[in-house]
Every structure is written in structure tokens, then in C-alpha cells.
Amino acid sequence: ALAASPVSYAAGYPDKTITMIVPFAAGGPTDTIARLLAQAMGTDLKQQIIVENVGGAGGTLAAARVARATPDGYTIFIHHVGHATAPSLYRKLPYNSIDSFEPIGLATDATSTLIARKDFPAKDMPELLAYLKANKEKVTLANAGIGAASHLCGMLFMSAVGVELTTVPYKGTGPAMNDLLGGQVDLMCDQATNTMSHIKSGKVKAYGVTYKNAVASLPGLPPLASSGLPGFELSVWHGLYAPKATPKEVVNRLSSALQHAVADPAVKQRLADLSTDPVAPNRATPDALRAHLKAEIDKWGPIIKKSGTYAD
Ligand code: MLT
């Protein structure tokens with residue numbers, strides 16, 4: 001029999017369920033975004049996309065698994081800025097963030113927010129900075145492991161303030177949020193996607209946003225950059241990938257489904273409710289993600305190196 005050409009392979013694609021690997025625990029921001037996109041993309045592709053959570057090692061366990069997966073379009077991957085920071089944070093990774101993947105497209109962008117458990121004794125940024133300087137040895141800071149956006153944000157925050165807090169790692173900020181709501185951990189810097197509803201309902205205290213400018217959907221939260229931490233800026237972008245050597249036509253079909261999803265009014269509304277921005281459809285493309293990933297690897301490399309943070 002003749003081997004199927006990529007074109008004929010792509011013509012029948014997808015003819016079975018696709019799995020989207022999420023590199024963090026269920027219930028967190030990446031999982032939330034993944035489930036929204038999976039549903040909308042599945043509608044466009046006329047196939048179900050199921051989400052599988054593979055948390056651990058700040059997202060790098062899942063990335064390693066996707067890098068080894070069969071490149072047939074039935075395993076795809078969502079990851080955020082951590083895909084660009086991991087190469088600088090980890091001395092050894094069993095994959096390369098660029099070469100082991102085929103970019104599908106950018107998906108979303110969100111600010112992070114600095115939050116605390118509800119009864120934490122500091123009502124605003126000036127009080128928080130003063131409190132941390134006086135009480136640093138008893139304050140805990142949650143994150144989702146080295147390579148997580150919450151880890152990056154916490155690292156930037158501690159270095160900007162000049163304090164070292166006790167960090168508490170989780171497999172995702174979903175479970176970390178549960179502990180923060182329960183009062184078991186004090187602080188976290190997490191994507192608005194995961195914090196917005198708790199900020200609005202007053203279940204957590206919020207001090208500021210990590211975008212350079214104020215965010216209209218989070219009124220009253222100043223940028224950290226204008227509350228005593230000049231230059232502070234973090235934007236948590238998510239993108240979709242396939243394993244290296246996934247046929248180009250399949251990647252393009254997935255990209256067109258992603259473009260459809262980020263333009264879907266129901267997806268946009270749901271994301272807006274979470275203070276999360278879908279990208280413009282013309283950025284939900286392999287070229288846009290490839291360029292952004294490279295730029296972010298170059299941007300964060302020297303910052304991480306200077307911080308001296310690394311994992312083996
Ligand atoms: C998650 O989904 O748990 C987050 O994206 C974790 C993080 O990067 O802080």
C-alpha cells in the first residue's frame with residue numbers, strides 16, 4: 001500500500017478524539033482556559049477535545065511528555081510564559097521549548113494579581129511592603145512550582161521588595177487557591193483568570209496587578225509598577241503547541257480552529273468575566289507564537305540568570 005501523504009492524512013483529520021495536555025492541576029487558570037478553548041475548537045473540528053491535567057515540576061513534566069508524544073495531531077499542548085522561562089530555570093530539560101514542538105498559535109493574555117488570604121494584616125501595597133519587611137520570616141507565598149507563572153511573579157516580587165519569603169509549591173494555582181481561601185497560606189501572585197471572581201466577592205485581598213497599566217476590569221487595583229515597585233511587569237500569555245513533526249496541514253487546521261475559538265463571542269465573554277484577553281485571531285497562528293516564544297525566551301533569560309534561581 002502507498003503511504004498516506006500528509007495532505008490526505010490532513011484531509012481526514014480529525015477522525016477521533018484529541019487530547020489537550022494541561023501542565024498544571026485542574027481548577028487553575030491554565031485548566032480554565034484549556035477547557036474553554038477545547039470546547040470551542042472541538043465544535044469547529046467536529047471532534048471532541050478532552051483535557052488531561054499533567055501537573056508537576058512547574059509544567060515541565062507535561063512538556064516532556066508532549067515532546068515524546070506521537071506527532072499525529074491527536075495530542076496537543078497548552079502552556080504559558082513558563083514555556084519560555086523553563087529553559088533558563090532548569091539546568092537539564094529532556095526537551096527544547098522551541099525545537100521539540102510545532103507552535104499552533106497564541107491564545108490568551110492576562111495580568112497576574114498579587115493577593116492574600118482574606119484576613120492577612122495589610123490592606124494595601126504600602127502596608128504590605130512594610131509588613132513584609134518586618135515579618136518576612138513568618139509569611140508564606142504559594143506558587144505552582146519552578147516554571148510556573150506564579151513562581152516567576154513571586155520571584156520578581158521578592159527581588160523587587162528585597163525579601164525572601166517561605167515559598168509553598170503546588171501542582172497548580174487551583175489547589176494553591178483552595179489553601180489560600182482556607183487560610184493555610186498567606187500570599188500568591190496568580191493570573192486574574194483564577195483570582196478575579198475571588199477578588200470581586202471579597203474572599204481574598206488584592207494589592208495590585210502586574211500589567212504595566214491599570215486594568216479596567218479590576219478597578220482599584222494599582223499596577224505594582226506604580227505602587228513602589230518601579231518597572232515591575234508580567235503578562236501571562238498562553239499558547240498552543242503540537243509535538244515536533246506534526247504534519248503542517250494538521251497544525252494549520254488546529255490553528256484555524258484556535259482562530260475560530262478566540263473570536264467566538266461566548267468564549268470572549270467568559271474570558272472577559274475572568275479579566276483575560278483572547279488574542280486577535282491573526283495572532284492565533286504558528287508564526288505569531290514562534291516569534292513571541294523566541295522573544296520571551298530572550299527577554300526572561302538574562303533576568304532569571306541574574307536572579308540566580310534554578311532547578312536541576
Ligand atoms: C495553573 O494553571 O495552575 C497556573 O497557570 C499555574 C501558574 O503558572 O502559576
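**Strand pairing, core and ligand shell of the predicted model**

Strands E1 (residues 18-22) and E3 run parallel and are joined by three bridges. The model is a predicted one. Within this pairing, Ile21 stands opposite Phe77 of E3. E3 is also joined to strand E9 (residues 235-243), here by four bridges and in an antiparallel arrangement. Strand E3 covers residues 75-80, and six of its six residues are buried, so the strand is largely enclosed by the rest of the structure. The burial extends to both faces of E3: Thr75, Phe77 and His79 are buried on one side, and Ile76, Ile78 and His80 are buried on the other.

The secondary structure of the protein as a whole amounts to eleven helices and ten strands. The C-alpha trace spans about 75 × 40 × 30 Å along its principal axes. Among contacts between residues at least 6 apart in sequence, 79% join residues at least 24 apart.

The interior was examined next. In soluble globular proteins, nonpolar side chains tend to be buried together. The largest nonpolar core of the model comprises 85 residues, and the members with the most contacts inside it are Met20, Leu37, Ile76, Ile104, Ala107 and Leu258. Strand E4 (residues 101-117) gives the most to this core, contributing eight residues. For Ala107, the contacts beyond four places in sequence include Ile33 and Leu37. Other residues touched by Ala107 are His238, Gly239 and Leu240, together with Leu258 and Val262. Pro278, Val279 and Ala284 complete the set of contacts of Ala107.

Helix H8 (residues 192-200) has Ala192, Thr193, Asn194, Thr195 and Met196 as its buried residues. The buried residues of H8 pack against H2, E4 and H7, as well as against strand E7 (187-191), strand E8 (204-209) and strand E10 (276-278). H8 is followed by Gly202, which has a positive phi near 75°.

The ligand is surrounded by 16 residues, of which Phe24, Gly28, Thr30, Ser150 and Gly172 are the closest. Helix H2 (29-45), helix H6 (149-161) and helix H7 (173-181) are the elements that give two or more residues to this shell. The greatest contribution to the shell comes from H2, with three residues. By residue class, the shell divides into six nonpolar, eight polar and two charged residues.

Asp31 is found in helix H2, the element that gives the most to the ligand shell. Asp31 counts as buried because 23 other C-beta atoms lie within 10 Å. Leaving aside neighbours within four places in sequence, Asp31 is in contact with Val22, Phe24, Ala26, Val51, Asn53 and Gly174. Phe24, one of these contacts, is also among the residues closest to the ligand. The C-alpha atoms of Asp31 and Thr276 are separated by 13 Å, the two residues being 245 residues apart along the chain.

Several backbone features were located in loops. The peptide bond from Tyr13 to Pro14 is cis, with omega near -5°. Pro14 is placed in the loop between helix H1 (6-11) and E1. Ala57 is not a glycine, yet has a positive phi of about 50°. Ala57 lies in the loop between strand E2 (49-53) and helix H3 (60-68). With 20 C-beta neighbours inside 10 Å, Ala57 counts as buried. A positive phi, near 80°, is likewise found at Ala245, a residue other than glycine. Ala245 is placed in the loop between E9 and helix H9 (248-263). Ala245 is exposed because 12 other C-beta atoms lie within 10 Å.

Conventions
Residues numbered from 1 in each chain as written. Predicted model: local features only at pLDDT ≥ 70, side-chain atom pairs only at ≥ 80, totals over all residues. Core = buried A, V, L, I, M, F, W, Y, C linked by C-beta atoms within 7 Å. Contact = placed C-beta atoms within 7 Å. Near = placed C-beta within 6 Å. Nonpolar A, V, L, I, M, F, W, Y, C, P; charged D, E, K, R; others polar. Pairing = 2+ DSSP bridges.
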